[in-house]
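Hi everyone, thanks for coming. Today I'd like to walk you through one protein model, stop by stop. Please have a look at the picture first.

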Amino acid sequence: MSWRPSRRELAISAAAVAVGWGAMARIRSRKKMPITGIPDERLASFDRLMTAFVRDVPVPGASLAVSHRGKLVYARGFGYADAQKRVPVEPHALFRIASVSKSLTAVAVLQLVDRQRVHLDDPILRYVQTAPQLAPGTAFDPRWHAITVRHCLHHTAGWDRDLSPDPSGIPWQIAESLGITPPLTIDDVIRYALGRPLDFAPGTRHVYANLGYLLLGRVIETASHQRYEDYVRQEVLAPLGAAAMRLGRSLPEHRFPNEVHYHDTRKRVGHCLYPPRVGKVVPLPDGADNFEVYEAHGGWVASAVDLLRFAQAFDQPRHCPILAPASVESLFARPHGTAGYTADGQPLDRYYACGWRVRPDGHGGRPNCWHAGTVWGASALLMRRGDGISWAVLFNTDSDPAGEKLPDRVEAALHEAADAVPHWPDDDQFERFAVARGANARNST
């Protein structure tokens, strides 16, 4: 069941993956990098940053959108959505957004709290309709009964990836344990996880863990009586006009119109988890990563423009179209206990709220709120600054050649670029992308 590629398979596949990177290098050596979208001299600091970043890292392609006080003032694409086919990145191109997906999931949960279908201190097992898969001679860990919806939102539920592997990332091990053949379902991952003991008592530590958000997806399904994706798209995204956002697909032939091609920086390969190529050696982003099971914790694809439609929904809590003012406050509020305070009771300089990281001492005397995400072949950063400036930046690769994640590497430079803007435009480009957004929605169903 746990197949491993031969040296010959690895060499052939790695050579095939390298073709895309080689094509990109050859194109750039002959031709100026393509840049799409409308230039604005007042925002030239973003152009300079992104042009240098994509060229020097190097990155196959990127998209950056920036808003100022609720208006979309900048949306441009840099480099190639597909280097081999020489397809430029358009401003409305779709990218995998990885763990930025958690922000969507948290908002959906709080919306159900508003509708009194969920309470934050409900036991998570109230919403999980899956029986544990227990190994012979083992027993169910009773501490699971103490995990609440709130614990999962704040990453205090009891899992530590340094002590136990993230279940989403060990598909072949789970398949062997369950006696099945990939692809795995979300239910497979959860019943495997339920059969394992927690790493610490719920509420006693804060450790970032994907599993909690996968379980929150089940909360949404049980409470809403809808599929997770359907609920989020209809109740969270549609009211904001972000119609093109959806859960992504692993195999290249199943991706959506205007979705980019993904490049793993280190050109890694693995066994495909999805038919018709189960067990075949493929690039990690093209079916060897367990991407479709990431779902509520990391499975969405989006454009940078639509991510800003989502982010700006919370700028004026009393007028938020998808959450009550109290839930907007909860979304970014400092959590109690170790998630929000040091061991001696001092407030942390930054903390994880509900699907957002928060630095209370942000810009303009108000908090900065953000989330980053990385999967093999893609990375994303969504930022809401306290001074009314927000951005979403998306890449179709994961890290630089030294292994540093791209959101970490670009964040400070984006703050500097924003601070260098001499005068912010007053026009709003959101409506300009309405037609492209609608076309994506029609073609992706």
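Q116 sits in the loop between α3 (101-114) and α4 (149-154). Helices here are DSSP runs of H or I with at least four residues, strands are runs of E with at least two, and both are numbered from the N terminus. Before I go on, a word on where this comes from: it is a predicted model, in which local features need pLDDT of at least 70 and side-chain atom pairs count only at pLDDT 80 or more, while totals for chains, interfaces and linings use all residues. Residues are numbered from 1 along each chain as its sequence is written, and side-chain values use heavy atoms, with hydrogens and water left out.

The phi of Q116 is near 60 degrees, a positive value in a residue other than glycine. Why mention that? Most residues other than glycine have a negative phi, and most peptide bonds are trans. Q116 is also exposed, with a relative accessible area of 65%. For that word, the cut-offs are under 20% relative accessible area for buried, over 50% for exposed, and partly exposed in between, using a 1.4 Å probe and protein chains only.

H225 lies in the loop between α7 (210-224) and α8 (228-237), and with a relative accessible area of 72% it is exposed.

Where are the cis peptide bonds I want to show you? One joins V57 and P58, with omega about -10 degrees, and P58 is in the loop between α2 and β2 (61-68). Another runs from P182 to P183, with omega near 10 degrees; P183 is in the loop between α5 and α6 (186-194).

Now to charges. Side chains of opposite charge can pair when their charged atoms come close. How many salt bridges does the structure hold? There are 23, where a salt bridge is a side-chain nitrogen of Lys or Arg within 4 Å of a carboxyl oxygen of Asp or Glu.

Take D47 and R76, whose side chains meet in a salt bridge at 3.2 Å, N to O. D47 lies in helix α2 (residues 44-56) and R76 in strand β3 (residues 71-82), so this pair ties together parts that are 29 residues apart in sequence. Both D47 and R76 are buried.

D264 and R268 form a salt bridge too, with their closest N and O atoms 2.6 Å apart. D264 is buried at a relative accessible area of 2%, and R268 is buried at 19%. In the salt bridge between D400 and R409, the closest N and O atoms are 2.9 Å apart. Here D400 counts as buried at 4% relative accessibility, whereas R409 counts as partly exposed at 35%. Finally, R218, E221 and E295 are linked in a network of salt bridges.

What about disulfides? A search of the whole structure finds zero, taking a disulfide as a pair of cysteine sulfur atoms within 2.5 Å. For C152, the nearest cysteine sulfur is that of C354, 11 Å away. C152 is buried, with a relative accessible area of 1%.

If you like enclosed places, find helix α10 (residues 304-311). Eight of its eight residues are buried, so α10 is largely enclosed by the rest of the structure. Among them are D306 and R309.

My last stop is the largest pocket, with a volume of about 1,200 Å³. A pocket is found on a 1 Å grid over the protein atoms alone: it is an open set of points where a 1.4 Å probe fits, with protein on both sides within 12 Å along at least five of seven lines, and lining residues have an atom within 4 Å of a point. Grid points are joined across faces, edges and corners, and the volume is the space filled by probe spheres set on the points.

Which residues lie nearest the centre of this pocket? They are R161, T374, V375, W376 and K405, out of 48 lining residues. The largest share of the lining, six residues, comes from β12.
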